[in-house]
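The entries below follow the order in which I looked things up.

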Amino acid sequence: MVANCLASLARELPEGSEIVVVDNASGDTTVATVRGAAPGAQVIENAANRGLAAANNQGLAASAAPYVLIANPDTEFRAGSLRAMADVLDKQPRAAWVVPRLLDADGTLLTSAGDLPRLRDALWGRQAARQRGSGTPSGFWWDGWDHRSTRAIGRGHECAYLVRRAAIDQVGPQDERYVLDWEGFDWTDRLRQDGWEIWLAADAEVVHLGGTSIRQVPVRAAVSQHRAMYRYFADRRQPAWVWKPLLAVLFTLRGAIKATASALGVPLYSWAHRGRSGRA
């Protein structure tokens, strides 16, 4: 997957672009694959898995480019996608980051836009929060919306997004307390509080296979995700002496249920379930 991602980027990146690959102690042939697929890439090999936000920050610090693309290895960029995303940053001076339209491998449109999560969204999961077929761009996930309008959105999916360096310099890098997931929600909230915007580029299309890393360690992923949920809301709810213990209980129970179900192979819907918005 990472070789396919790099090959698609090689076709799309402007001349002179830098490629940085951060490997979080994968322990397989990933690094060798990257060096073969992208000989000119800078490869950062971590001796231990530092987590997603920390690895993203390593990549951000390795370049001073005015626009930085953060991408998961299970993405493939279609023709013109990066140019379309960069065009939005060029034309919208308050846009901090831009996401593309996401497609599944079979061409199904995946939901890549929504609003920042409320506590009930996190507790009840995606299926309770989705707008079933309404076509109305509102709610935790904008399921049913055709994603054909280039516009400001509440938040964007974090599998592939182009970020403005000036926004990073103003609000700071990602919070490295987020080991897996929710780092994007936290960063979005901080950016929006400082007056920045998140945009969708309707003319950019990226294929996202999704869930590749999480499926390898489902129990550990469930625990890490719920720690991140707790951290996100604990930082934002006052008074802390009331909310922190309450949130700890709620997310510990939810996380235990999810981790147990994952260990037993029982499918459960969650906030991260991939929403499909129909054929592209």
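I began with the convention: helix axes are lines fitted to C-alpha atoms over the stretch in contact, and angles run from 0 to 180 degrees between N-to-C directions. I note also that this is a predicted model.

**Entry 1: the chain overall.** I find eleven helices and twelve strands in the chain. Of its 280 residues, 48% count as buried. I looked up the contacts with a separation of 6 or more, and 76% of them join residues 24 or more positions apart.

**Entry 2: helix α11.** I took residues 240-264, which form α11, a helix of 25 residues. From first C-alpha to last, α11 reaches 35 Å, close to the 36 Å expected at 1.5 Å a residue. I list its buried residues as Leu247, Phe251, Arg254, Gly255, Lys258, Ala259 and Ala261. I then asked what covers these buried residues of α11. The cover includes α5 (119-124) and α10 (218-234). Just after α11, I note that Gly265 takes a positive phi of about 75°.

**Entry 3: α10 against α11.** I looked up the packing of α10 and α11 and found an angle of about 160°, with the axes 9 Å apart. Angles over 145 degrees count as roughly antiparallel, and α10 is therefore roughly antiparallel to α11. The crossing of the two helices is right-handed. On the α10 side, I record Pro218, Val219, Ala222, Val223, Gln225, His226, Met229, Tyr230, Phe233 and Ala234. These residues meet Lys244, Leu247, Ala248, Phe251, Arg254, Gly255, Lys258, Ala259, Ser262 and Ala263 in α11. Sorted by class, this contact of α10 with α11 has 13 nonpolar, four polar and three charged residues.

**Entry 4: α1 against α2.** I turned next to helix α1 (residues 2-12) and helix α2 (residues 30-37). Their axes come within 9 Å and cross at roughly 25°. Are α1 and α2 roughly parallel or roughly antiparallel to each other? Angles under 35 degrees count as roughly parallel, so α1 and α2 are roughly parallel to each other. I record the crossing of α1 and α2 as right-handed. The contact is made by Val2, Ala3 and Leu6 of α1 and by Thr30, Thr33, Val34 and Ala37 of α2.

Terms used
Residues numbered from 1 in each chain as written. Predicted model: local features only at pLDDT ≥ 70, side-chain atom pairs only at ≥ 80, totals over all residues. Heavy atoms only, no water. Helix = DSSP H or I, 4+ residues; strand = E, 2+ residues; numbered from the N terminus. Expected span 1.5 Å × (residues − 1). Buried < 20%, exposed > 50% of the residue type's maximum accessible area, 1.4 Å probe, protein only. Contact = heavy atoms within 4.5 Å. Parallel < 35°, antiparallel > 145°, perpendicular 65-115°, else oblique. Left-handed = near helix turned anticlockwise from the far one by under 90°. Nonpolar A, V, L, I, M, F, W, Y, C, P; charged D, E, K, R; others polar.
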